[in-house]
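Biologist: Please take a close look at one part of this model: the place where chains meet. Work towards it from the fold of a single chain, and state your cut-offs as you go.

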4 protein chains.
Amino acid sequence: MIVIMKTDTPNLEIQRIIQELQSESITPEKIVGKHKVIIGLVGDTATLSPEHLQQISPFIEKVMRVDKPFKRASLEFRHGEPTEVSVPTPNGVVVFGQNHPIVTVAGPCSVENEEMIVETAQRVKAAGAQLLRGGAYKPRTSPYSFQGHGESALDLLAKAREVTGLGIVTEVMDSVDLPKVAEVADIIQIGARNMQNFSLLKQAGAINKPVLLKRGMAATIEDWLMSAEYILAAGNPNVILCERGIRTFDRKYTRNTLDLAAVPVLRSLTHLPIMVDPSHGTGKVEYVPTMAKAAIAAGADSLMIEVHPNPAKALSDGPQSLTPEGFDRLMEQMEIVGQTVGRWSKKFSLSTATSFSTTKALSKSSLAK
Amino acid sequence: MIVIMKTDTPNLEIQRIIQELQSESITPEKIVGKHKVIIGLVGDTATLSPEHLQQISPFIEKVMRVDKPFKRASLEFRHGEPTEVSVPTPNGVVVFGQNHPIVTVAGPCSVENEEMIVETAQRVKAAGAQLLRGGAYKPRTSPYSFQGHGESALDLLAKAREVTGLGIVTEVMDSVDLPKVAEVADIIQIGARNMQNFSLLKQAGAINKPVLLKRGMAATIEDWLMSAEYILAAGNPNVILCERGIRTFDRKYTRNTLDLAAVPVLRSLTHLPIMVDPSHGTGKVEYVPTMAKAAIAAGADSLMIEVHPNPAKALSDGPQSLTPEGFDRLMEQMEIVGQTVGRWSKKFSLSTATSFSTTKALSKSSLAK
Amino acid sequence: MIVIMKTDTPNLEIQRIIQELQSESITPEKIVGKHKVIIGLVGDTATLSPEHLQQISPFIEKVMRVDKPFKRASLEFRHGEPTEVSVPTPNGVVVFGQNHPIVTVAGPCSVENEEMIVETAQRVKAAGAQLLRGGAYKPRTSPYSFQGHGESALDLLAKAREVTGLGIVTEVMDSVDLPKVAEVADIIQIGARNMQNFSLLKQAGAINKPVLLKRGMAATIEDWLMSAEYILAAGNPNVILCERGIRTFDRKYTRNTLDLAAVPVLRSLTHLPIMVDPSHGTGKVEYVPTMAKAAIAAGADSLMIEVHPNPAKALSDGPQSLTPEGFDRLMEQMEIVGQTVGRWSKKFSLSTATSFSTTKALSKSSLAK
Amino acid sequence: MIVIMKTDTPNLEIQRIIQELQSESITPEKIVGKHKVIIGLVGDTATLSPEHLQQISPFIEKVMRVDKPFKRASLEFRHGEPTEVSVPTPNGVVVFGQNHPIVTVAGPCSVENEEMIVETAQRVKAAGAQLLRGGAYKPRTSPYSFQGHGESALDLLAKAREVTGLGIVTEVMDSVDLPKVAEVADIIQIGARNMQNFSLLKQAGAINKPVLLKRGMAATIEDWLMSAEYILAAGNPNVILCERGIRTFDRKYTRNTLDLAAVPVLRSLTHLPIMVDPSHGTGKVEYVPTMAKAAIAAGADSLMIEVHPNPAKALSDGPQSLTPEGFDRLMEQMEIVGQTVGRWSKKFSLSTATSFSTTKALSKSSLAK
């Protein structure tokens, strides 16, 4: 249930209402939007009456139920206002969100050694990536496959951050590793296989770092938003959703089925930023550039691309990794499509978190119904 | 197996080779490409030796096996040269193919009456569509749903063609209706549910009209190309493949899962033109424009869009149909993305079937590996 | 909507009510159950009021709406009474139904030649099969695979019938072949790939032979029952449903995923008899016997098993075909499980269509809720 | 790679060979089968030559490669001998395995309070269950649903164990809870959503309690066996696999698609015991008894059934829980089918772990090929 306050409601009155609504079974949450303040109510709201709540204050504009099972993640809960996830990095603040330029995250599947991760970081930075990805802990189907270098790889990521100024995105697989990972990572990734590791989600909700939540291979859009809700409900509002392909009956030419329609569907359901990972989504480097461009046209706020200095010798996911040269060329192409949809910034948004005025090439409001 | 002839091989020599290769178990097929002539061999080629064949003539450049189960549909069979499907319409020849501008097919799910189909045809033509779609025979899940007006609807499509000059795309559900449908249609559609109706495929292969083959809901890319192969093998080289969504575990917010990666995958496997139908692919009008643009970025050669003068009162598929006004706006947006990828023509390609020189905004050859 | 008549309602009164209910938009259908007569109403029943209908005659016990989208196929439409599909064969009438012994249909994927089909028929008959399956028209993924011997294979099936007295089950792929196939077949099979070939379904509904409707690879239970409804609505009440596996993400060790829970689900939704085909369901002969026994325990009314005199040399589906010896052993095992569930008859039910008194080993009524 | 020793090889010689094979990259593992001793080699075996190894000792009968990606979990690794997982409980040792009677695990989804868990334990024990299931930590899609009583529920399970003597099966969701859970549980359950939580798998491999590994919703058979391999590779040989339904396109009438063919497929691939959970597999109590019987006919070694004293008021999974009365009746039916396949014991196997001589109603060896 949400309580929408009138514009220019005094702050004290908002405090008063929040106190009045607070109870054992209800937790009010203040959401400051661009034009309005909203008070979100989560908990046992079934017995509350919107009409009755309306009486609490003359500054209340409207009281509405959120009928989706995901509450905080729903678009209604922020009354339609998109969330901006701001990530401070040595190079400046990177902002993920619908009204900001597309953010590119790039790097290798696994951190293999210092030279390769630093070199890759330098190359993807030069090409325009704002964040570096790299796995320290690797979820591998086989116990006999390379499992990642773990803690020592975290140090290498820190080194790459120091050298390039790029923020770091890396995966956590176990809640016991969360403190260590959070020390190095600027964004904590929760992988597809852990999307319903609810214990990990709760603990990721208790830290002070943005969380990148990948979609599970058999997760419906609703399952996925419910998993985001775990993180939000635990107190962390900075969640980025990443579509990376679902499992279907056809696995011959692609590793997964990239569900690009998830982008507009999520846009109609949630305020959270949306990333697309065409590397895992297709599993084959030859299809990555095309699907990266399609993802931009579909409205993605961010792209994650696997890049490796020598894909043929990669310890994991070589077949889906671009070379640094391939990534250079991809960024040129992405720029063209990104500019077309008014979502590209030459300066890569590495400035301050001020809202970005999109070029109005494709105005949303002109879409049909 | 294919025999690639040297440039400037005399025609008589090609004839001689074809005659020599012809046998009970082998059918040679002459394919005239832009730069070269290829002789495709289908049949019991397992016992043939490429080295031996090479000896037949000094004009033979190379002999290669096609190792895919689909032969005529494979890219190798045309040595990488894309097929151009030319459709003569009263307004001019419409050409589907990788080196041509994107072709837009639009219209209602079902032909309901003369006024609605003529009006829709006029509106979609004005917005830039080159072909009109409209169902006379409708495959419906329930026997109690509207089944299409059948033969009388074919007359109304003929009327709309006469009034607007637009070519007609309409579905055939039974081989007994094929002659009637082929009389009116400029492109014969075989729907998702009949994609493995092999009897219908064979008969569609025997007629002299292009065939639009929609992907079945549980069809792998390979199944689909094998179905195209049925049509090609029966003698009809003019097949267009249409991705319209596959069936997956998530059917809550979209009707199907639109597999846009099928576009680059098909491009790497086949020479046939590729269409995308975001209306069936998503099943919801609000997601159609976004996915239409994404399909263009993914490299589609053609788009099929459902448009109805009054979607709320449509006899079928109302929820996924754009209004004519919505379609106007969509075409403006498609144009922007289409121009970005160098695949849009102000004149809508309604001229002659001369090859189109794409603007080189995104050069294919610069893609990574 | 159904009208349940009181026991001992005079026939004339039933006639009178049917005449009164008949209208342009409503078709009444008389269903004679064991204890009661029901009048089923299909058509535009939305405007009818059950209370109002009740007034038509004092002999009406109750009027109820059928709220499923499938009407005639629903359990309610027959007020819970199972359909018995009786198939006259030279050896006697074979009855498919919930209160009858399990019927075994066996034979090769394709009819290859007279010797093999007659020999197989003799062997499966000796082992206890009541019907012979064998394909004359074969739906094959590739146009270059063996397509079945067509019309001449129908003659061979007729020959096998003559020699053994077994009834014939064979597939029709095109409505133009329906008369020819119906001449030879005792049961017409519509295959998985044609489950939504609505034109074929309608025509199969107009003939006077039982129809075996296989489940499509991507068909939900509801889609499948709607396809059965097409046949029922066209006037043919004798439909048998055959589960043969659906397509899922795991296709490595089995060809399809056999959905055995479909058996109890269908039992709770429809009155139609249920067959299971573990040969296509698993695609591997080593798993067929186990799944055949599981299907019996799951409550199947009939089993379809592929048997070939020499699977290694079969023109199609060899890997999933039992040898005649393997089938002998399977029948012994099926008998044990069949007797346990009270659904086996030493005489194979080849007598008259009188209802079969099941041994009460597992009484249905004792099941939990 | 496995080294099969000749019968009656002296123990010292086996020790010698193990020492000789031990190296940095190879770990030999001694497996004592009924008739033979096998030395399993896992690690970098690619460079080893079977012929060369054979020379090490005249007591070596044969050296064979395991070509599956799962090594320890493969049937070859134990040369075809099934694993027996022995679970000591106050009532005696319960043995899971192919040559033992079927083990029934029953109980509520969640432990709600002392009275309900003790009462349920008493009831399921009386009906013949050998182990009690009950969730302390519950993986729930929504953060707002009941999450289980956690640690306090573990105490209640201990209480139920004390009162009834039944062994306890309960789920662990986070590796930090593993020590606490292992203190109470006789079998540790890893749920479907954590099947690829590799960190948890590794730690479950390091404890001294049997692990019940449920199949993930999108897990192929191979993925599943690779997850079992994680546990085995970490040193815990006592893994039970539990099929509980996969996610497919049809979710209307059942919650999941129970893949019963997984039972014979696993049997042909692995030596590990196989359990089936028809409660989660169907999600509806009305289909549970039928599918439980089908699972027995399919060869399951164990059944897991949800039972709740008052399903309508259950805090979770009420719709799929049997009442204690329903469970009484189900056990009677399961007994009939279990006896038919020679896998039922009146004394419920609560004795010692001596191998069980199955009644030879259905001899495996008579199956066809």
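**From one chain to the chain contacts**

Modeller: Chain A is assigned two domains, domain 1 (2–65) and domain 2 (85–340); the bounds come from an automatic or database domain assignment. Between the C-alpha centres of domain 1 and domain 2 of chain A the distance is 36 Å. This is a predicted model, in which local features need pLDDT of at least 70 and side-chain atom pairs count only at pLDDT 80 or more, while totals for chains, interfaces and linings use all residues. Residues are numbered from 1 along each chain as its sequence is written, and chains are lettered from A and ligands numbered from 1 in the order in which they are written.

In chain A, eight parallel-paired strands close into a barrel, in the order β7-β8-β9-β10-β11-β12-β13-β14. Strands (E, at least two residues) and helices (H or I, at least four) are DSSP runs, numbered from the N terminus, and two strands pair if DSSP finds at least two bridges between them. From one strand to the next, the twist averages 25°. Strand β7 (residues 103–107) of chain A runs parallel to strand β14 (residues 302–306) of chain A, and five bridges join them. One of the residues bridged there is G107(A), whose partner in β14(A) is E306(A).

Helix α3 (residues 114–127) of chain A lies across β7 and β8 (131–133) of chain A, at about 155° to β7(A); axes are lines fitted to C-alpha atoms, for helices over the stretch in contact, and angles run from 0 to 180 degrees between N-to-C directions. In chain B, the axes of α3 (residues 114–127) and α4 (residues 151–164) come within 9 Å and cross at roughly 40°. Residues on the α3(B) side of this contact include I117(B), V118(B) and A121(B), and those on the α4(B) side include L156(B), L157(B) and A160(B). By class, seven of the residues involved are nonpolar, two polar and three charged. Here Ala, Val, Leu, Ile, Met, Phe, Trp, Tyr, Cys and Pro count as nonpolar, Asp, Glu, Lys and Arg as charged, and the others, Gly among them, as polar.

Now to the place where chains meet. Contact joins 49 residues of chain B with 49 residues of chain A, a contact being two C-beta atoms, placed from the backbone, within 7 Å. On the chain B side, α7 (221–233), α8 (262–269), α10 (288–297) and α11 (324–340) each supply at least two residues. α11(B) gives the most, nine residues. That side of chain B has 27 nonpolar, 13 polar and nine charged residues.

A rotation of 180° with 0.0 Å of shift along its axis superposes chain B on chain A, with an RMSD of 0.1 Å, by least squares on the C-alpha atoms of residues with pLDDT of at least 70 in both. The two copies are therefore related as by a two-fold rotation axis. A294(B) has the C-alpha nearest the axis in chain B, at 2.3 Å. Both copies use the same surface: 100% of the contact residues of chain B recur in chain A.

Chains C and D also meet, with 49 residues from chain D and 49 residues from chain C. The largest share of the chain D side, nine residues, comes from α11(D). Chain D is superposed on chain C by a rotation of 180° with 0.0 Å of shift along the axis, at an RMSD of 0.0 Å. The C-alpha of A294(D) is the one in chain D nearest that axis, 2.3 Å from it. Because 100% of the interface residues of chain D are also interface residues in chain C, these copies meet through the same surface.
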